[in-house]
Amino acid sequence: MSDLITIDEARKRVLSAVTRLGDEAVALAAALGRVLAEDVTSPLPVPPFDSSAMDGFAVVAGPAAELSVVGEARAGHPYSGRVEAGSAVRISTGAVVPDGADAVVPVERTTAGKEEVSVPESAPGENVRRAGEDIPLNAVVLRAGIQLGPAELGVAASVGRAELECAKKPRVAVLVTGDELTEPGTALGPGAIYSSNAYALGAQVERAGGDVVQRVTVPDDAEGTRRALKEALGADVVIVSGGVSVGPHDHVKPALRDLGAEERFWGVSLRPGKPTWFGVRGDTLAFGLPGNPVSAMVTFQLFVRPALAAAQGRAPDAPRLIATLERPIERNPHREQAVRVHLLPSQNGPMAAPTKDAQGSHVLTSMVGADGLALIAPGEGEAPAGERVEVELL
Ligand code: AMP
Ligand code: MG
């Protein structure tokens with residue numbers, strides 16, 4: 001690990017190894033969080049017809065007048081006749097504005113009897129929503145590559161789509177290694193700890209649009225590691241945590257190499273997260289992440305998340321912004337640091353405040369509630385309070 005590469009270089013190597021997965025049709029109700037694989041065009045204007053923005057009376061625009069009420073237009077039940085000067089149709093919000101009418105007078109501005117209504121002056125177009133005002137016919141409403149959220153699903157439904165072409169979800173195997181690892185919910189033996197990585201990493205995979213197809217704990221022995229990895233390499237992406245260093249009980253790298261995974265990097269100039277391995281076998285990406293829980297989550301964010309995004313045709317880079325440091329941070333002389341921060345509003349724009357002073361790679365609570373990772377360049381001394389730093393949003 002003598003030649004540590006930068007975060008950017010590591011990311012570049014990961015992205016150059018990604019293959020875009022295929023697409024599949026997904027029902028709208030199941031498409032939240034999926035990545036859209038088509039441009040969605042509207043086959044109709046939305047609203048589809050001129051409709052009323054208010055409950056009131058549809059009229060021919062003109063001066064104040066006493067009009068005779070000739071019918072009613074309700075949402076979903078158009079009035080079939082025509083509105084002439086001197087007459088009005090009672091109308092509800094969302095109903096079709098009847099032929100002949102070109103304005104709606106809100107009910108609270110009228111005095112209505114059963115057959116008559118007196119209306120104030122009105123101008124053409126008043127309280128009328130024009131057909132296509134939201135979406136013109138044939139407009140592209142959603143672009144390939146976006147992640148579908150509630151508004152996007154609503155828009156797809158409003159143009160009549162029941163299904164959308166989405167990128168297939170990357171199938172991800174999550175392996176955690178260590179004889180000390182114990183499943184939560186069972187008692188801890190001597191020297192044992194609960195396996196947090198299996199759950200934190202699994203959740204990161206799901207949030208990044210991946211499908212966790214395996215979640216396996218692997219003991220620290222060469223044969224067990226090899227067997228588990230052999231099966232895992234059938235997935236699109238394999239994530240292994242721990243066992244990737246150079247100790248006598250670290251079997252991950254030799255096993256991956258044995259199984260034909262070709263190394264693309266080993267060791268990143270990053271704290272936490274230096275002992276990170278990345279390799280490729282066929283179309284499968286394999287990540288050997290450090291076992292320390294913060295290192296595992298940070299390296300997932302910086303290297304695995306972009307790969308899962310790109311495999312789905314989504315822009316790989318997580319959003320970043322510039323923030324000022326709320327307090328000084330000791331620089332690392334050689335490695336870039338990823339400091340877990342809250343983002344707070346301030347007069348000088350967003351301010352990055354470490355979630356905890358203790359930023360050790362085992363202090364998993366430093367990730368709780370973190371808004372981002374502040375990236376602190378290597379160097380001597382400290383990065384002073386007020387220094388402008390880049391923050392990758394989590
Ligand atoms: P390793 O990379 O295997 O040397 O592990 C580094 C540190 O991370 C050790 O303290 C491990 O006990 C810890 N660790 C490894 N895997 C996990 C896990 N799944 N959950 C929590 N801690 C872990
Ligand atoms: Mg270990």
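Modeller: Happy to! Pro 47 sits in the loop that links strand S2 (40-41) to strand S3 (51-52). Please keep in mind that this is a predicted model. The peptide bond from Val 46 into Pro 47 is cis, with omega near -5 degrees.

As for phi, Asn 127 has a positive value near 60 degrees although it is not a glycine. You will find Asn 127 in the loop between strand S9 (116-119) and strand S10 (128-129).

Strand S9 takes us on to a sheet. This sheet is open and has 6 strands in the order S7-S4-S6-S5-S9-S8, with mixed pairing. Its edges are strand S7 (103-106) and strand S8 (111-112), each of which has a single partner strand, so one side of each has no neighbour in the sheet. Further in, strand S4 (residues 56-59) pairs with strand S6 (residues 87-91) in the antiparallel sense, over 3 bridges. For a landmark there, look for Phe 57, which stands opposite Arg 90 in S6.

Leu 325 stands opposite Ala 352 of S25. S25 also pairs with strand S24 (residues 336-344), this time antiparallel and over 4 bridges. His 342 has Ala 353 in S25 as its bridge partner. The hairpin of S24 and S25 has 6 residues between its strands, and Gly 349 in this hairpin takes a positive phi near 85 degrees.

Now for the ligand. Ligand 1 is surrounded by 14 residues, the closest being Glu 180, Ser 196, Gly 243, Gly 291 and Asn 292. Several backbone atoms face its oxygen atoms. For Gly 243, a backbone N or O atom lies 2.9 Å from a ligand oxygen; for Gly 291, the corresponding distance is 3.1 Å; and a polar backbone atom of Asn 292 is 3.2 Å from an oxygen of the ligand. The protein covers 75% of the 490 Å² of accessible area that ligand 1 has on its own. Strand S13 (171-177) and strand S15 (193-194) are the elements that give two or more residues to the shell. By type, the shell residues divide into 5 nonpolar, 8 polar and 1 charged.

Finally, have a look at the largest pocket, which holds about 520 Å³ of space. It is lined by 18 residues, and those closest to its centre are Arg 207, Gln 301, Arg 305, Leu 393 and Leu 394. Helix H3 (197-207) and helix H6 (293-311) are the elements that contribute two or more residues to the lining, and H6 has the largest share, with 4 residues. The lining divides into 11 nonpolar, 3 polar and 4 charged residues.

Methods
Residues numbered from 1 in each chain as written. Chains lettered and ligands numbered in written order. Predicted model: local features only at pLDDT ≥ 70, side-chain atom pairs only at ≥ 80, totals over all residues. Heavy atoms only, no water. Near = heavy atom within 4 Å. Polar contact = N/O pair within 3.5 Å; in protein donor to acceptor, adjacent residues only side chain to side chain. Areas by Shrake-Rupley, 256 points an atom, 1.4 Å probe, with all protein chains shown as cover. Nonpolar A, V, L, I, M, F, W, Y, C, P; charged D, E, K, R; others polar. Pairing = 2+ DSSP bridges. 1 Å grid on protein atoms, 1.4 Å probe; cavity = no way out; pocket = protein on both sides within 12 Å on 5 of 7 lines; lining within 4 Å. Points joined across faces, edges and corners; volume = space filled by probe spheres on them.
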